[in-house]
Amino acid sequence: MQWLGPLRKIPRPGLVIPLVVLFAIYFALGTFVVSRYIQRAIPEYVAEQLKRKASVREVNVNPLLFSVELNDFLLAEADGTPIVGFRRLLVDFELSSLLRWAWTFSTIALDGLDLRADIAPDGRFNVAELADSFPKGESAPDAKPARLVLQHLALSDGAITFSDRTGAKPAIASLRPLAIELRDLSTLPDRSGEYSVTARLPGGGTLVWRGEVSLQPIFSRGDISLRGARLAPVWGFFQEKVNLAEPAGDADLDFRYRAGYAKSVAEVAVEELHLILSRIALAEQGAKGPLINLDTVTLEGGGFDLRTRNISARRAAVRGGAVQLAREADGGVRLLELLKDAERRQKGKTPEPEAKSGPPWRLALDAFDVEGLKFALADRSFERPMAYDIDLTLALKDLRTYGNTPFKMEAALRFAQGGSLRVTGEASPAGDRGSARARLEGLSLKPLQPMVASRTALELDSGSVSATLQAQYRATKGRAELRAGGTASVDDLLLKEAGEPFLAWKSVAASGIAFSLAPDRLAIGEVKLSGLDTKVVVNKDRSVNLVRAFAPPGAGQTPSAKPAPPPPARTKDDPPPQFPVSVERVRVENSAVDFSDLSLVLPFAAKIQELQGDVSGLSNDRASRAVAKLEGRVDEFGLARVDGSLATFDPKSFLDLRVAFRNVEMSPLSSYSVTFAGRRIASGRLALDLQYKIDKSALAGDNKVELDKFTLGERVETPEALSLPLDLAVALLTDADGKIAVTVPVKGNVDDPQFGYGHLIWQAFVTVITNIATAPFRALFGGGGENVENIAFDAGRATLLPPEREKLKRVADALGRRPQLKLVLEGQYDDTDRAALRARDVATAISARLDRAPAGDDPLPVNARDAKTQRAMEALFVERASEQGLDAFVAEIEKARGKPVQRVSPLLAFAGRASADGAFYDALLNRLNETAPLPGDALGKLAAARALAVTEHLEKALAVPPARVERKAPAAGDGERVKLALDVADQAPKP
């Protein structure tokens, strides 16, 4: 017992042995019994309470350090499918918990965590079902959280795998390795701890999350950084809901955040958010190439505040890339079909409406830029795709959903096929007002050829469109107003038919365009057509190329089909057009129309060149009348004119046109004479006066045809030719001037499908020929010569016309062959000149009042149906007579027709509303023309100017010596002309 000796020195040594025994029992129980109990209890608890399987390879309890260690833990479903597991879990409890009166842990270390979150095909989420399996305890609503202090928590080499098996293609993503570290985490009031999270993202990239957190109150703030995150893993979970193939690209993201929850109020704020998306490629599933390629998409200075409901950013930008926007043959647009809402496609299921609470969100973006983004636009619904390639630059500034500062926009588009578009504008945040300016320059129309080919038989070879636009929008009290104005032009257009030019022009330009909604109105100041060149062809089957060219492909291939019935005739009770459209003036310059008839035995062709003139007063107002005046050259010396008025958009209701041809060579018309009379035309010239009058679909035409020196040629046998005594008729009815005059009255209803107007000119040759006279200058030019003794002029003008130049050329040639003769000129005038000069004076005065400059020497025609013109006519009448004189004229008209005159209202005239009493203003114009002042020597000066024009042309253009031309004093005559006479020269030049 010597070993008991030292115990005798310890105070109360009898207690040592029991304490040692108790310690040994405590150590044994903690180390062996408790460890094994925990190892056995965990699987039993999981099986009984959670209905799942669990296993722990080893449990170590250190009763001295108050620590528990679990190794190789696994929790699985009842069928053995793993849910969560780890290699090692260490929990180190501190005795200082007694002093702090809080559960205190110095360390909780978790190594090798493996969490497998899975959504089953039926939609069950294993983690949520596991949480629901734990017993639910009752707690008071105002219960405070348990007092807890966690000095250090560390997760190392962890992995979280998430899988979704609800679709046909399962999606799986893993965070591996995952590391989390927290320090000084506590539920004690006003204490916070630091944390750090790092993870490697699926497919590459890293996540770093650092900050501090408090559990009472609940609060956290910190920084989150993503580097090189790939988009493809995220796509895997949405591939069944979007028609999108696996995308390419990665993302970098940085932001600071602040979040908390106190007094039932959540607070979440994000600051300095910076996002960079790089090398983005999005493609439709199964497609060969991507629809969207973006080099970089950036967001700078982003922010989010849940409490103030603000979302903002300093700048967003798209730099480089390409977008494919195509309309497919079935009418679908692939880009719009990338995203599809799977829930909406389920029958009988509609999305629930979103709950609304609190003030509206305030959105703000200081700047949004797009640079170098290319758009490939295509329409594959045609036989050949229609495509435009666009390079877009865009800048938006001050985008807001609040305040009064307007946002500004600048956009520039360049088309690879040719052309550019620039747009600038601004708009209020509320969207109640805005303005825009746009300039389109030289946009090529050639890419539109597939659309043209689908609707016509034409080929669009070239053409470009340009335009300028200024527009303003304003919405007030439920009323939206739009005002727009600008110019537009289509230049260098060329349409071909079967490889040959069909229609071309140098330019069609519209200026003074004014468009508005509330009130509705489209007004165009002027449309200028320059360099028009088109063909009108009657084919061998007597079809017209215009009909064939503009017919859709395949039209007319079913001859058995019945023709469509004509549209019903419009009645006076039909409502007027809803949208007012007007064109103040259409100007034609340097144009040409080529006509050919291939249906004849001898094909015929003629061309009208140097076509020019004006059409004014075009409008869809039923009371309006358009006035037309056009003129052109036929072949070398011929003249063609169109003059009159019509109801523009309904010519069947009213039309009064006069078409005149002068000095047209007839020998090319042998094609018609051979076909219908079996005879060629040896010589002759044609003058036509065709007058077309339509009133409410009733046509009444008084057409006159005049042939000069008409001579028939040899016979040609044709089956359709009529047997007529043409030689005898021509011999008897040709007058001394070698002319045949024919009057052809035409009457009918243009709505009658049996109505036809054809071959009337040739029919007149065999029915009406009169007025035989002696031909002048027969001795000089022989029996086949033309009557050149009268040089004709237009009424009131002294301009030498092309046909008359030819006459003078023949006279000059004759004088050259006969040096003993001289030419005596006598300028003449008649009452027609007097009326023309007066009418010209009135037209000039009215044009001056309207401040409308004429295109040439002649004033613009007077449109008595135009509101401003009506006001100008009244003012001119008062100036030249008096206000009382105008009142007396009005009273005279009212008495004559038994109803009051409707004069134009000054206020409505300012708005463009003319008087509907057009007959009164026609009468007023006639009275102005009749009473226009004319100087006493005006007619004499006109006749003298005509003689001077002939003299100068002979001497300067045709090199006739001045000594061989003599001018007499002007005199009154029976026509607008210069009378030629022959006399003996004073001294014949030596040969």
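Author: The axis of a helix is taken as a line fitted to the C-alpha atoms over the stretch in contact, and angles between axes run from 0 to 180 degrees between N-to-C directions. The model discussed here is predicted.

Reader: At roughly what angle do the axes of H13 and H14 cross?

Author: Contact between these helices involves Glu874, Phe877 and Val878 on the H13 side, and Glu883, Gly885, Leu886 and Phe889 on the H14 side. By class, this contact has four nonpolar, one polar and two charged residues. The two helices are oblique to each other, since angles from 65 to 115 degrees count as roughly perpendicular and those over 145 as roughly antiparallel. The axes come within 7 Å of each other, and the angle at which H13 and H14 cross is roughly 120°.

Reader: How are H13 and H16 oriented to each other, parallel, perpendicular or oblique?

Author: Helix H13 covers residues 867-880 and helix H16 covers residues 918-931, and the two pack with their axes 10 Å apart at an angle of about 40°. Angles under 35 degrees count as roughly parallel and those of 65 to 115 as roughly perpendicular. H13 and H16 are therefore oblique.

Reader: What is the handedness of the crossing of H13 and H16?

Author: In this packing, Gln870, Met873, Glu874, Leu876 and Phe877 of H13 meet Tyr921, Leu924, Leu925, Arg927 and Leu928 of H16. Sorted by class, the contact has seven nonpolar, one polar and two charged residues. The crossing of H13 and H16 is left-handed.

Reader: Which helices are included in what covers the buried residues of H16?

Author: H16 has 14 residues and reaches 20 Å from its first C-alpha to its last, close to the expected 20 Å. Its buried residues are Gly918, Phe920, Tyr921, Leu924, Leu925, Leu928 and Asn929. In an α-helix, residues three or four places apart point the same way, because there are 3.6 residues a turn. The cover over the buried residues of H16 includes H12, H13 and H14.

Reader: How is H12 oriented to H17, parallel or perpendicular?

Author: The axes of H12 and H17 are 10 Å apart, and the helices pack at an angle of about 105°. That value falls in the range of 65 to 115 degrees, which makes H12 to H17 roughly perpendicular.

Reader: Is Arg625 buried or exposed?

Author: Arg625 is found in the loop between strand S26 and strand S27. Leaving aside residues up to four places away in sequence, it touches Ser616, Gly617, Leu646, Ala647, Phe654, Asn863 and Arg865. Arg625 and Ser645, which are 20 residues apart in sequence, lie 6.2 Å apart, C-alpha to C-alpha. With a relative accessible area of 17%, below the 20% cut-off, Arg625 is buried.

Reader: What distance separates the C-alpha atoms of Leu458 and Pro553?

Author: Leu458 has its place in the loop between helix H5 and strand S20. Its relative accessibility is 4%, and Leu458 therefore counts as buried. Although Leu458 and Pro553 are 95 residues apart along the chain, their C-alpha atoms are separated by 9.7 Å.

Reader: Is Ala498, which is not a glycine, buried or exposed?

Author: Most residues other than glycine have a negative phi. Ala498, however, has a positive phi of about 55°, and it lies in the loop between strand S21 and strand S22. The relative accessible area of Ala498 is 78%, over the 50% cut-off, and the residue is therefore exposed.

Reader: What is the relative accessible area of Lys51?

Author: Lys51 also has a positive phi, near 60°. Lys51 lies in the loop between helix H1 and strand S1. Lys51 is exposed, with a relative accessible area of 59%.

Notes
Residues are numbered from 1 along each chain as its sequence is written. This is a predicted model: local features need pLDDT of at least 70, side-chain atom pairs count only at pLDDT 80 or more; totals for chains, interfaces and linings use all residues. Side-chain values use heavy atoms; hydrogens and water are left out. Helices (H or I, at least four residues) and strands (E, at least two) are DSSP runs, numbered from the N terminus. A crossing is left-handed if the near helix is turned anticlockwise from the far one by less than a right angle, and right-handed if clockwise. Contact means heavy atoms within 4.5 Å. Ala, Val, Leu, Ile, Met, Phe, Trp, Tyr, Cys and Pro count as nonpolar, Asp, Glu, Lys and Arg as charged, and the others, Gly among them, as polar. The expected span of a helix is 1.5 Å times one less than its number of residues. Buried means under 20% relative accessible area, exposed over 50%, partly exposed in between (1.4 Å probe, protein chains only).
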